[in-house]
Amino acid sequence: MSSSSGAVGHIPLAVRSAAPAAGLLSGSGRSHQSLVTFTDVRVVDPAGGRDGAANVIIEGDRVASVGRESRGLRIDASGLVLAPGLVDLHVHLREPGGEDAETVASGTTAAAAGGFTAVCPMANTQPVADHAGVIEQVLRLAREAAMCDVYPVGAITRGLAGAELGELGAMAAVGVRCFSDDGHPVQSAHVMRQALAYARTWDAIICNHAEERTLTGDAQMHEGIQSDLLGLTGWPREAEELMVARDLILARGLGARIHVPHVSTAETVALIRAAKARGTRVTAEATPHHFTLTDQQVASYDPVYKVNPPLRVKTDVEAVRAGLADGTIDAIATDHAPHPPEDKEREWSAAPCGMLGLETALAVTITELVRPGVLTLPDAIAALSTRPARSRDIVGHGGPIAEGTPANLVLFDPEERWTVDPGRSHSRSRNTPFAGRELWGRVHHTLLRGRFTVRDGESVTPGDDDEIGDA
Amino acid sequence: MMTQDQIALDERPAGAGLSHLLDVDALGADQITAILDAARTFQQLAARPIKKVPTLRGRTVCNLFFEDSTRTRVSFEIAAKRLSADVLNFSAKGSSVSKGESLKDTALTLQAMGVDAIVVRHHAAGAPHQLTRWVDAHVLNAGDGRHQHPTQALLDLFTIREHFGQLDGLHVAVIGDVLHSRVARSLVQGLRTMSAGVTVVGPPTLLPLAVGQWDVDVSHDLDPVLGKADVVYLLRVQHERMSEQFIPSVREYARLWGMDGRRLRRLSEHAVIMHPGPMNRGVELTADVADAPNALIARQVANGVAVRMSCLYLMLGGERA
C-alpha cells in the first residue's frame, strides 16, 4: 500500500480505456438514472474503515449513499455482505492465441461470477503482450464483454525471452502499470536490474515469476519425500527463494517497485517480511491453492494439481497463511490458468501447469482463512480487494464505498454452502483443484459501475435484460 | 499331467487377489508372500517339458510399451502365454501413439476391444495410475518413469528368499543411483514390508533429498557397509548422469561405489550380489564380480517369468472370463 504514492497521475487513462462509464441501464439505451437500495446489508469496506449494517443506495453507476435511507427498488440484502468488488492481480485470460482455453469474455464472466470487478491478465498470450497493440486488443475485448474491468500486465522482455526489454513506454502510454514475464522468470540479473530501473520512469511495478531455472530443469512437483515416492523430479524451494532474494536486493538498491507473485514457501514469506521492514518497495500475493493444498494431492497423479510454483507442504501453507495474517503478503490472487481437458488429461509430466481460481477464490478464502480464524472478514476483503487495488494503483476499485464512488461491488452470503461443480464454471476450462469441495460463501450479486454482472447468482451479460428497476 | 497344478492354481488364496499392481507400497506382507508362493509353483512348472497351463484361457493381456524394453516385454509375454492368455503387443513406435494419440484415447481403444489386463511400461511416472481411472481392465505396472517397477522388486524378493529361505532379518545394501531408479523405490519398499533391513549407499547427488525419511540407513561410503550386508544390490548407472553433474566421471564412480574383486573379498561368506540389468561392466561392477559364483544375476532373470505369471494369475485367475 505504501508503494502506491506518486503514481496516481498515470492511471486514469487505463481506467478510461479499460472501462468506459457504463450505467445501470446502458444495455437498454434508456436515459433515466436507475435507483436501487440494498437494505439492511453488512457493509465491509476496509478502505472506508466500515464494518456494519446499513442501507446502500446505488444511483446510476455510483454509490449514492450509505446510511439509513432507502430509495427506488429495494432489495432485501439482510444476511449478505456488501464489499468492494474483488480485484485479482494475476489471471490468464489466454486471448489472443489460447481461445480454446479461455477468452477475455469467458474469463471476465468467470471473474464476475466469483465477485471480481477488476482483473490483471498476464502477458503470456500469443502473440505476447510485449507491445501496445496486444494490450489495446485485450482492452477492447474487455470493453466489449463489459463483465469486469481489465488491467493488462505487459511483458518485461520481448517474447518473454528474458533477453531484450519490451517497449515498456509504449505500454505504459496505454495504461499498463505492471510488467511481468509471468511463467518465464527473468534469469539475467542484468536484465532484471535494467527493467526495474527503466520502469521507474513511470513508477511502474515489475513482477517477476521467481524460479531459478537452473534448479528446476525437469521439475514436476515440490521436492521432498512425496516427490521421492512418486518418482517425479523435484522443484526445490530454493529455486523460488534465491530469485526472490535477488529481486528484493535489486529493487532496494534502485528504489524500484517489485511485486512477488504466488508466494509458495516459508522462506519467501520471511524474505519479504524482512524486506518490508527495511523499507523495500515490495508487495506480494498468494494464491488460494498455495494456502490450502499440499503436495499430498499429487499422489493421485491427476494433473489438475500440477501448478507452478508447485503445491508445497503443510509448514509452507501455514507460513503463507501467517504472511497473509500479518500483512507481509498484501493480496490474494488466483493465478487463474485455464487449460482445456485434452491438455490436462495427459501423463503428469506432459501436462501443463495451472489451475482455475476466479470462481472459487472468495469461498476458499472464507472457508480456509476466515472460518478458522486466520483472517477476519474485513481482513479477507482487504486482501481480495482493497490492498490489491492500491498495490497496483487501480482507482475506482477496492473501495471506499461512499457517496459518489463508483459502484463496483460484490454482495455475498458468507454462511451459504455450495459444492464446486466444474461443469457449471463460466470458464471455458474445467481444471479446478477444488472440484467436489463444499465451500462456504456464495456470490449473490456483482455490480460493475452500477450494472449487475451477476444477479441472484446468475451471470448477466450486457445484452441481457438488466432493467432491475422494472423487476 | 498338468492336473495337479491345475487344481492347486484354481484354488486362489483368499484375499490375495490383486485388482491392479501399480506400486509395491500398496502391497501388504501377506500379499507379497502370496505372490512369491504362487511364483514358486509356476517355477516348478518351468522345469517340465510342457510349460503351459490353461488358467487364463480366453483372457486377453495387452503389453502396452511406450518405452523400449525387450527383456521385460518378452518376460511378460512368456508369462502370459504359459498361462494360455491371448497376448497382444502394442508398442508406441509405429502405432497411433506416434501419430499423436493420447494415452487416454489409447486406453479407451484397448478398453473397447475388451482387453482384460494391460501391462504398461511408460516413461512418465504415474501413467499406470492414470490408466486405472480410464479403463476397467486390470493394470500391471511394468515400470513407470523413475517411480516404480513392482515386478522387478518382486522377482528380486523371490530370488533372495529362494537363496536364503527367508527375507525377515536379512540386510540388503542398495548401491548407486537411487534417485533415478524405479527399481530401488520398489525394492526398498518391498524389503521393508518383509522386515528386511536396508542401507542405501551412494553420493548425496544420487540419493533422494528426503532419503532420511525413508526408514532405511544411509551411507555415502561403501566400504563400511560391505561386512554387514547379506545382499549387495547394485543399481545401473546411466552415462548421462555425468553430463548432468551428478558424478564427475564414471571412473570416479567405479572407484568409490563400484564392486570390484577387492571389495568382493570383504563381503561376508554367505553374501550375494544382485543387479537388475542391463549391467555396465566396469562401472557398477567389474567382470569378475558379475561372474562370481555368489552373483545371482542370472537367477533374477530366470525368476522373472514365474513371478510375472504369479502376478497375472492373482489378478486374472479365478475370475469369470
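1. Basis of the note. This is a predicted model: local features need pLDDT of at least 70, side-chain atom pairs count only at pLDDT 80 or more, and totals for chains, interfaces and linings use all residues. Residues are numbered from 1 along each chain as its sequence is written, chains are lettered from A and ligands numbered from 1 in the order in which they are written, and side-chain values use heavy atoms, with hydrogens and water left out.

2. Domain contact in chain A. Here 52 residues of domain 1 of chain A are in contact with 64 residues of domain 2 of chain A. Contact means heavy atoms within 4.5 Å. The size of an interface is often given as the accessible area lost when the parts come together. Domain 1 of chain A and domain 2 of chain A bury about 4500 Å² between them, with carbon and sulfur atoms giving 63%. Buried area is the accessible area (1.4 Å probe) that two parts lose on being put together, summed over both.

3. The rule finds 3 salt bridges across the interface of domain 1 of chain A and domain 2 of chain A. A salt bridge is a side-chain nitrogen of Lys or Arg within 4 Å of a carboxyl oxygen of Asp or Glu. Arg449(A) and Asp149(A) form a salt bridge through their side chains (2.7 Å, N to O). Across the interface of domain 1 of chain A and domain 2 of chain A there are also 19 residue pairs in polar contact (both at pLDDT 80 or more). A polar contact is a pair of N or O atoms within 3.5 Å; within protein, one must be able to donate a hydrogen and the other to accept it, and residues adjacent in sequence count only if both atoms are side-chain atoms.

4. What builds the domain 1 side in chain A. Several elements of chain A each supply at least two residues of the side of domain 1 that touches domain 2, among them helix 1 (12-18), strand 1 (35-45) and strand 17 (438-448). Strand 17 of chain A gives the most to that side, with 7 residues. The residues of that side of domain 1 of chain A divide into 27 nonpolar, 16 polar and 9 charged. Ala, Val, Leu, Ile, Met, Phe, Trp, Tyr, Cys and Pro count as nonpolar, Asp, Glu, Lys and Arg as charged, and the others, Gly among them, as polar. Helices (H or I, at least four residues) and strands (E, at least two) are DSSP runs, numbered from the N terminus.

5. Chain A against chain B. The contact takes 18 residues from chain A and 21 residues from chain B. About 1600 Å² is buried between chain A and chain B, 51% of it from carbon and sulfur atoms. On the chain A side, Asp228(A), Tyr301(A) and Glu347(A) lose the most area to chain B, together 37% of what that side buries.

6. Polar links between the chains. The count between chain A and chain B is 1 salt bridge. Lys104(B) and Glu345(A) meet in a salt bridge through their side chains (2.6 Å, N to O). Chain A and chain B also have 11 residue pairs in polar contact between them (both at pLDDT 80 or more). The side of chain A that touches chain B has 7 nonpolar, 5 polar and 6 charged residues.

7. Domains of chain B. The assignment gives domain 1 (6-147 + 302-316) and domain 2 (150-300) of chain B. Their centres, taken over C-alpha atoms, are 26 Å apart. The contact takes 34 residues from domain 1 of chain B and 28 residues from domain 2 of chain B. These two domains of chain B bury about 2400 Å² between them, 59% of it on carbon and sulfur atoms. In domain 1 of chain B, Val24(B), Leu36(B) and Arg146(B) lose the most area to domain 2, together 28% of what that side buries.

8. Links and makeup in chain B. Across the interface of domain 1 of chain B and domain 2 of chain B the rule finds 2 salt bridges. Arg161(B) forms a salt bridge with Asp37(B), the closest N and O atoms being 2.9 Å apart.

Conventions: Domain bounds come from an automatic or database domain assignment.
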